[in-house]
Amino acid sequence: MQKVYIKDLSQYVDQTVSLKGWLYNKRSSGKVKFVILRDGTGLLQCVVFKGNVTPEAFEAADKLGQESSLEITGKIKIESRAPGGYEMDVTDLKLIAESVDYPITPKEHGVEFLMDKRHLWLRSQRQVAILKIRHRIVKAIRDFFDERDFTLMDAPIITPSACEGTSTLFATDYFDLGKAYLTQSGQLYAEAGAMALGKVYSFGPTFRAEKSKTRRHLTEFWMVEPEVAFNDLNDDMDLAEEFLEYIVQSVLKDRAEELRILERDTTKLEAVKRPFPRISYDEAVEILHKNGIDFEYGNDLGGTDETVVSNQFDRPVMVHRYPSEVKAFYMKRDPENPKLALAVDVLAPEGYGEIIGGSQREDNLDLLLERIEQHQLPQEAFEWYLDLRRFGSVPHSGFGLGIERTVAWICGLEHVRETIPFARMIYRNTP
Ligand code: 4AD
Ligand code: MG
């Protein structure tokens, strides 16, 4: 028999169907019981009248615990007052497996409790909506690059060296070869890919032993990193704004129902249209000072600084040309002012902070060698990377977008812990 899902019920009005799923909730008033079924595609109110089913089925409906799995059969009718717009007149109901004392009840639970029960919390309507939006974001990312002739090139996870600074590396013993590290970014490998294929993107998990316990930091997160040969910093910013507009507009078009469940103010997302404002680091510092923030020129922007800057705009803002001192070793210096790096951070609106970090890369061998020394990085580990400058070096640029911060922003969530199925943070590595 063909399987029927709740999302497709409009095709089955006035027909009798069987659905399989879990008991989301139930109510009772004498001879009638209301069973809310969920199947991962939606919710359906199923009405069980005492006279319409066997006594066993009626008793089962009465006893079912929250999240019991069941098969339920009946006629589908239109009911505008029910969630989803349809209702089932139940003629049969079979228990598949019991669920007794399900720990997450409709009452309020604390976040730590819910995170401990994350494997079950995922079943809630809100978490399902977030996961569906995350999936749509990932699909938009792949579609965007695939439609523009980028080649997906995955980077290794076990690596011999740092990419984003040595203070946040997770180390592991690697047989006779000594220490290896979980990758902080696929970028250096994406650069090799760009020299082979022109336009590439890597997309995978990345790791940072971040001591920061903030609403924006995870120790394991997903990053997508395009890298393009012959792109300069301006091309990089053009790509970033087209990319973000595409992601946000795709979610608005295809995940309206999920955004509604999350009570997201979608007018804020509708504003995410090109062109995005582009300001220099110097201009960002001016904004901070005008807003009474005691910010020392030369520092990197912190979370609150980013919020103050981004609050001046209704769409993402691109801040470029940071002091090179606070940025990574591989970033090219601005030929007009060598104290600055040809870097760009894209700050999301509504206080979500940096979602993209990118730059034009240093393509000169001697300058890169100098930077590796200044940053006290082990040159041998970078010999392969230096080869990219020895054999046909070209200007090139790229960026990294953090998936979880993007999901948090688009969904309007407080904290990144809800944006990934199983979050990893300093104080959490379970379930
Ligand atoms: O700015 P980051 O460190 O840039 C890089 O890793 C570059 N190698 C990317 C590139 O040019 N190819 O990180 C990029 C993005 C940040 O803007 C943020 O969205 C996300 O990755 N990110 C984190 N997300 C969650 N938790 C953390 N601890 C994160 N650290 C960075
Ligand atoms: Mg960054």
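# Domain contact, salt bridges and buried sites

R123 and E67 form a salt bridge, with 3.0 Å between the closest N and O atoms. The model is predicted. Its protein chain is assigned two domains, domain 1 (6–97) and domain 2 (118–418).

**Contact between the domains**

- The C-alpha centres of domain 1 and domain 2 are 46 Å apart. Seven residues from domain 1 and five residues from domain 2 make up the contact.
- About 420 Å² is buried between domain 1 and domain 2, and 42% of this lies on carbon and sulfur atoms.
- On the domain 1 side, the residues that lose the most area to domain 2 are Y24, R38 and G40, which together account for 60% of what that side buries.
- One salt bridge is found across the interface of domain 1 and domain 2. Three residue pairs are in polar contact across the interface of domain 1 and domain 2.
- The side of domain 1 that touches domain 2 consists of three nonpolar, two polar and two charged residues.

**Salt bridges**

- The count of salt bridges comes to 35.
- Side chains of opposite charge can pair when their charged atoms come close.
- E59 pairs with K63 in a salt bridge, the closest N and O atoms being 3.1 Å apart. The two residues are separated by about one helical turn because they are four residues apart in helix α1 (residues 55–63). E59 is partly exposed at 45% relative accessibility, whereas K63 is exposed at 61%.
- E418 and R126 meet through their side chains in a salt bridge of 3.0 Å, N to O. E418 lies in the segment after α13 (403–411) and R126 in helix α4 (residues 125–147), so the pair ties together parts that are 292 residues apart in sequence. E418 is buried, with 9% relative accessibility, while R126 is partly exposed, with 35%.
- D334 and R321 form a salt bridge in which the closest N and O atoms are 3.0 Å apart. D334 is in strand β14 (residues 333–334) and R321 is in the loop between β13 (317–320) and β14, so this pair ties together parts that are 13 residues apart in sequence. The relative accessible area is 7% for D334, which is buried, and 23% for R321, which is partly exposed.
- R38, E67 and R123 are joined into one network by salt bridges that share partners.

**Buried positions**

- T219 sits in the loop between β10 (199–207) and β11 (220–229). T219 counts as buried because its relative accessibility is 12%, under the 20% cut-off. Beyond its neighbours within four places in sequence, T219 is in contact with F170, T206, F207, R208, E210, R424, M425 and I426.
- A284 belongs to helix α9 (residues 281–290) and is buried, at 0% relative accessible area. Not counting residues up to four places away in sequence, A284 touches I279, V309 and V319. The C-alpha atom of A284 is 31 Å from that of L365, which is 81 residues away along the chain.

**Helix α5**

- In helix α5 (residues 187–197), the buried residues are Q187, L188, Y189, A190, E191, G193 and A194.
- These buried residues of α5 are covered by elements including β7 (158–159), β10, β11, α12 (383–390) and β18 (396–402).

Conventions: Residues numbered from 1 in each chain as written. Chains lettered and ligands numbered in written order. Predicted model: local features only at pLDDT ≥ 70, side-chain atom pairs only at ≥ 80, totals over all residues. Heavy atoms only, no water. Domains from an automatic or database assignment. Contact = heavy atoms within 4.5 Å. Buried area = accessible area lost by both parts, 1.4 Å probe. Salt bridge = Lys/Arg side-chain N within 4 Å of Asp/Glu carboxyl O. Polar contact = N/O pair within 3.5 Å; in protein donor to acceptor, adjacent residues only side chain to side chain. Nonpolar A, V, L, I, M, F, W, Y, C, P; charged D, E, K, R; others polar. Buried < 20%, exposed > 50% of the residue type's maximum accessible area, 1.4 Å probe, protein only.
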